[in-house]
Amino acid sequence: MRRLLLYLLFLVPILVQGQIIVTGKVTITSEPNGLPGVNILVKGTDQGSITDVDGKFSIRALPNAILIFSFIGYKTLELPVSGSSYLEVMLEENSQQLGEVVVTGYSSVSKREITGSISSLKPDNFKGISLNGVDQALQGQVAGVQVTQSSGTPGGGIAVRIRGSTSISAGNRPLFIVDGIPVETGSLSARGFGGQNDNALALINPADIESMQVLKDASAKAMYGSRASNGVVVITTKRGGKNSPTKISFDVQRGIVDPVNTLKLLNSTQLLELQREAVTNAGQNPDAFGLIKGITDAVSTNWQDEVLRRGIMEQYQVTASGGDNNTTFYLSAHYRNEEGVQLNNGFERMGTTLNFGQQLAPKLNLNTNLTLSRSLNKRVKGDNFLDGVYSGAIKSLPYYVPYDENGRLIGPNSAMYPGFPNFNPVAQALLPRFETLTLKMIGGLNLTYEIKPNLRLKGQVSVDYNDITEDQYESSQTAIGGYLSSVGGRGYGVYIAQASTNMVSNLTLSYNKQLAGQHTVSGFVGTEVFRTFYNGADVQGRLFPSDDFTYIASAGIVDAGSSTKSPPGSLFSVFTEARYDFADKYLVTLGMRADGSSNFGPNNRFGYFPAISAGWRISNESFFKSKTITDLKLRSSIGNTGNERIAAFQFLGTWSAATYNGNSGVTPNNTANPNIKWESTREINIGVDAELWQGRLQTTLDVYHNKTSDLLLTRPYPFTTGFGGIPDNIGDMENKGIEWSATSVNITKAQLRWTTTVNLSKNLNKVLSLADSIPLYRGYTAEGVDATNIVKQGSPLGSFWGLNFLGVNPATGNAIYEDVNGDGAITNADAMVIGNSQPKLIGGITNTVTYKNFDASIFFQFSYGNKVLNFTKATLVNMGGDILNNQSEEALRRWRKPGDITDVPRYELSSTLNNLHSNRLLEDASYLRLKNVSIGYSIPSRILQKWMIAQARIYVNATNLWTLTQYTGSDPEVSTLDGSTTAQGIDFFTLPQVRTISVGLNFTLR
């Protein structure tokens, strides 16, 4: 050891002696006197320095070393020392950020030239978040985009809204384009599971994404015309690079999954006391109801603990990419498996992606993309199902147990089975089989021919194919298969098979020309044919010989089934876009698309959707002298977009099959309306983009006003006509708002970098007119009023309807409601709009820090000012309406004697007055959520060299780690009616979000 220390002491002076001191100065065109704050690093070491206020630097390095100069907004420069002791360095402006290519679907454009409202998302923005679907990646990341994960069900529904909802009935999901093809969104399953749907976008692997562009205003969306009013998300998958060596990478991730919260419910002793009190208050004897102390409450089961578990999440990915001068390729394979927090619930996905490019001739290029995915969704019943798992666990009385003394699940054949509505939620989780198997293929091929250097012809053919098989069986020990008398008590099975296909082919001719002087023109024209196909069949069977025979072939009775094949839907389009740029100061974009849809009749088959936008780069004007603001652009746009997402062929008068007295025949189904046409949204946008301090701060501000006309709704008819109404264009609605986003580089030093990204959005929605003054009632039926939700002129979508709860009468314990019409009675006529589910402000903030080999990212997401209808409380704090369900701990605050001051009325068996639907159930659902924390460490290359590994990173990710909210339910983000436009924001026994904590390893081979 002593000899080693002496050797090191001898060696260090020699190494130091070999180094020289290098000084110099860094300048740029606009700062010839010197640029402060430039980072200098000796390549391959952690030695660094930074320029002073005059742009000067000094650093010690070996004579053959390479110095790396980096500064925000400028190209990184590697400069060999070559024995010099003084260096003059000039950095070039990096146009990559402002000149970054943005894919808008049919074309690509430099970010610097954009005159519309477009937000970009890169993999680094969501690489640390546990995602089931690509749409989840947008949450809190993009201004103007509201993303709600409707529940904690793996592979479950996601609601995405871009600048609010533009339609009442024609769908509000954005159009998702993956490598040029519109893909299925929303639910693929044919059977409901409470309010929760599956998610078609969960079949796309987020790790394969290269970029996501969110098109928000009319100019950016113009090329999608009739399908663009809800916004467009353009997804580009990864490809190999030209003249790039083959790179093979692996990513392994494994973690745990827990619910973010559970409800606080009464135990048996507390519940029994409450129930006896409710019965006594009704003037009856609780002993006669079997509510006997020491006997009824002898068992106290926590059903939430029985049906919820800690799940395991695992994910694996391998990729290979590269290319030479003529060929590029990207190949990936992945597997993800997530156990749900409910027993027997899980989501499994596996797939592969192959993107290939080949230069067939000097002017001819071929590109293909192929994604194959397979998912297995093991579902359980949820939400407001009477025999649901999580809903059953919340409602079920704690007096019962899931297993008998022999360890067998208690079912309808057991004397211990309590029956309606306590259906043993453990059995409801473990015994049924609800498996949805989905196969998805996204494939495309395009050829590009360069007619001239500035003139290109491109043709593309693509397909999105989805095959869905649902295999379901509910045994004789379940509520449906064994308890429901109409089924027969011997099992119930369902088998569903369906397939949907989207096919698109398009041809575009693009032109780009630098004219004399500083004039640049570009544009393209194109045509497209989009077709959809659907077919499906289902069959149902019951009276199985035993629960060992669970498929339809074994059913004693097969008494229901159907098959469907929809006529192909078609959309024929022509479109064009032209751009003009003068001196990088004055920018103009014109766009037009004409669509003809089979959804509309001959009188209005075609719709026309023009847009125009302009930009003015003020920072390039001679009068603009600011050194602080290095880029400033003002832009504006106006145009029309459309929405044609209604059921096919509604303009026709249709007939359907019917059976009467054992005889088959046909009957009128819908009346014809040849005048039905597109919903049309006129969009106005004004925005400003600014860059300060050479890119250390980049910010964007947009304000917009969108008015939707000709809403597709049903015009009511008198029922004496035999029809309830006719599809028609009636009604108007508007959305207006403001969006702001910014990215700042707070610290940039040789070994430390800290950046912050923040976005804020506010949208105001209002229904301007309907068919008449009669409102539309939506959501659920409710005690004492028409419904939980209302669509009403002058109010926003998502408005809640009910009575105004004023408090509890201290003398009687009864609820007090506002008597709006003053008639001395509380009736449906006293109902009013009591709130709405639309937030006043949404946003997110991400801080990213790198220090030496460590990196960390912290992402907060929030929603402010929105209300949630805690409809679960209508059952769990039901004031004695029944004694068949457990109650929340909130019931412990109930009124019990004269003089009590409380907000919870008295409990009285079968009383309805105290449980009328009111804003007592409406709560502030504002929340701040620590959405994701990611911490990583990149292993030094000197350690990896002997293992032939180019780079390796170990990381820890945590999602939904912490939530700040005043909401008393399990989760403020849930929405029972997944994807609903008119009744979002209802919590009706909905499973809360899950918390995921995982560790992973990512490495790349040499």
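Residues are numbered from 1 along each chain as its sequence is written, and side-chain values use heavy atoms, with hydrogens and water left out. In this predicted model, local features need pLDDT of at least 70 and side-chain atom pairs count only at pLDDT 80 or more, while totals for chains, interfaces and linings use all residues.

**Nonpolar patch**

A nonpolar surface patch is formed by Tyr586, Trp616, Phe623, Leu634, Ile686, Leu701, Val703, Ile738 and Trp740, which together have about 770 Å² of accessible area. Patch residues have over 30% relative accessible area and no salt bridge; like charges are joined within 9 Å, and nonpolar side chains (Val, Leu, Ile, Met, Phe, Trp, Tyr) within 5 Å. A salt bridge here is a side-chain nitrogen of Lys or Arg within 4 Å of a carboxyl oxygen of Asp or Glu. Accessible areas come from the Shrake-Rupley method with a 1.4 Å probe, and for residues only the protein chains shown count as cover.

At least two residues of the patch come from each of strand S33 (697-709) and strand S36 (732-748). Helices (H or I, at least four residues) and strands (E, at least two) are DSSP runs, numbered from the N terminus. Phe623 sits in the loop between strand S28 (606-617) and strand S29 (629-643). Its relative accessibility is 53%, so Phe623 counts as exposed; the classes are buried under 20% relative accessible area, exposed over 50%, and partly exposed in between (1.4 Å probe, protein chains only).

**Backbone features in loops**

The peptide bond between Phe420 and Pro421 is cis, with omega about -5°. Pro421 belongs to the loop between helix H5 (390-395) and helix H6 (425-430). Asn424 also lies in the loop between H5 and H6. Asn243 is in the loop between strand S16 (232-237) and strand S17 (244-259). Both asparagines have a positive phi, as listed below.

| Residue | Phi | Relative accessible area | Class |
|---|---|---|---|
| Asn243 | near 50° | 54% | exposed |
| Asn424 | near 55° | 4% | buried |

**Open sheet**

An open sheet of 5 strands has the order S10-S15-S16-S13-S14, with mixed pairing. Its edge strands, each pairing on one side only, are strand S10 (118-121) and strand S14 (181-182). Two strands pair if DSSP finds at least two bridges between them. Strand S13 (residues 175-178) and S14 run antiparallel and are joined by 2 bridges. Ile177 has Pro182 in S14 as its bridge partner.
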